[in-house]
Amino acid sequence: MLNTFYIENYGCQMNIYDNELIISILKKNNYYYVDNIFMADLILINTCSIREKAETTIHNRLLYINSLKRKTSKIIGLIGCMARRINSNYYFKKKFLDFILGPDQYRELPNIIKSLNDNRYFSNIILSNEETYSDIFPTKIYNRNKITSYVTISRGCDNMCTFCVVPFTRGRERSKSPNNILKECKRLYNMGYKEITLLGQNVDSYLWTKKNYIKKKIKKTSRDKIVNFSNLLELIAKNIPNMRIRFCTSNPHDMSIDVISTIKKYNNICKYIHLPVQSGSNRILKLMNRKYTRLEYIKLIELIKNKIPDCAISYDIITGFCTETEKDHIDTLNLMEYIKYDFGYMFCYSHRKGTYAYNKLKDDVSIEKKKKRLKEIINLQRKHSYEILNKYVNTIQEVLIEGNSKKDKNYWFGRNSQNTLVVFKKKNEKIGDFVNVKVLKNTSATLIGERIK
Ligand code: 5AD
Ligand code: SF4
């Protein structure tokens, strides 16, 4: 009889949230979560497909886990984004896996586990237009200090950027009901959480009506109240005024002025927006199907900075997308120079089977060029981050204490509203306190200060 399970996580915050949903689903069915792979009867591998490297890492890990499986009688399930992409015959034949399940099928887990036997493997990946797991409260296992937590507000993506597998691995976009989101946030607040991050592949296209919450099917005649992302932010900020609110990821094409006004209006909404640009070249943006131009992106940033001067902005940038020339790359560097981002996430382009780019374009930038361009972006960002953080010196920042500083246990680490890491010497504070810290100096990634009250 199986009764203990372990989940190994790869990928983004969405997967972390999903793991906590799965724990709730399995616990309800009398399975016990264990934090140790060797103690588990069932091992779930929650996977990521965004770049080839993630899939290779997971494949190598499965080789190792297979050696455990042969020595013991463990059941191995692969779940999440790789589910629809891997060659299930190969993995089943080699007996690496007992079942594969997609991100919209976690409710089926208890039945599948019960129905498994030595000769039967399960793999029937179905994506849903409706599943949001809205009624399930995730069992919190990450962030042991119970200070910050994720709350998923929507699943899937309809944007179809030509480089991205997400619309294929996670399916169509659908939003969770605002009441259930608010209930979840309130419950976290009552458990002592101080900060939540609202998650969606594209939070700005969050949209819900009572009658029909699938975006595409909303009829203009519907008299039900429509809740958009700005309304949702306001609902949470107003109802839980002492909870800090973050959100991720924003899409430049969908972000509205209303969202910016709501961020400005509420003190408890953090002044930080992650706004992936992907490239600074109009030609590449078009090939990527990003649906905005460089100028429109710049105008949006200017709008944000005019309304909320202290708002921090970060980005995702991909180097070496199909046909990217040195000139396109210089456009990206120039854009960074113009905007001066607080920080960013940068990646070498990875040609993903199934995407439009894979089918129609050529992965014709060499890995050496991709890496060289990446390095230039990293170096420029490091310089900008240092300059921006240096402007905080001698200012006072409100910091939520999250835990011990990694480098020195006599120091706390926390974040300010702009999501910058702040460390300062401990006095008599505790984890979860909001404190004022005077910034004394900075590196390119951290502010170092002292508590002032
Ligand atoms: N190659 C490299 N980076 C990618 N991303 C998405 N797809 C790819 C890909 N095929 C990056 C984008 C996105 C972030 C989550 O991952 O920058 O914003
Ligand atoms: Fe992928 Fe684009 Fe959707 Fe982001 S918005 S998940 S990059 S398709």
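How accessible is Lys372, and does that make the residue buried, partly exposed or exposed? At 39% relative accessibility, Lys372 falls in the partly exposed class, where buried means under 20% relative accessible area, exposed over 50% and partly exposed in between, using a 1.4 Å probe and protein chains only. The structure is a predicted model, so local features need pLDDT of at least 70 and side-chain atom pairs count only at pLDDT 80 or more, while totals for chains, interfaces and linings use all residues. Residues are numbered from 1 along each chain as its sequence is written, and side-chain values use heavy atoms, with hydrogens and water left out.

Lys372 pairs up with Glu326 in a salt bridge, at 3.2 Å from N to O; the term stands for a side-chain nitrogen of Lys or Arg within 4 Å of a carboxyl oxygen of Asp or Glu. This pair ties together distant parts of the chain, with Lys372 in helix 13 (residues 367–390) and Glu326 in helix 11 (residues 326–339), 46 residues apart. Helices here are DSSP runs (H or I) of at least four residues, numbered from the N terminus. Glu326 is partly exposed too, at 33%.

Helix 11 also holds Lys327 and Asp331, 4 residues apart, or about one turn of the helix. Their salt bridge has its closest N and O atoms 3.4 Å apart. Lys327 is exposed at 57%, whereas Asp331 is buried at 18%.

Over in helix 13, Lys383 and Glu387 sit 4 residues apart and meet in a salt bridge of 3.8 Å. Lys383 is partly exposed at 42%, and so is Glu387 at 31%. Elsewhere, salt bridges with shared partners join Asp18, Asp104, Arg155, Arg170 and Arg174 into one network. The count comes to 27 salt bridges.

Notes
Chains are lettered from A and ligands numbered from 1 in the order in which they are written. Helices (H or I, at least four residues) and strands (E, at least two) are DSSP runs, numbered from the N terminus.
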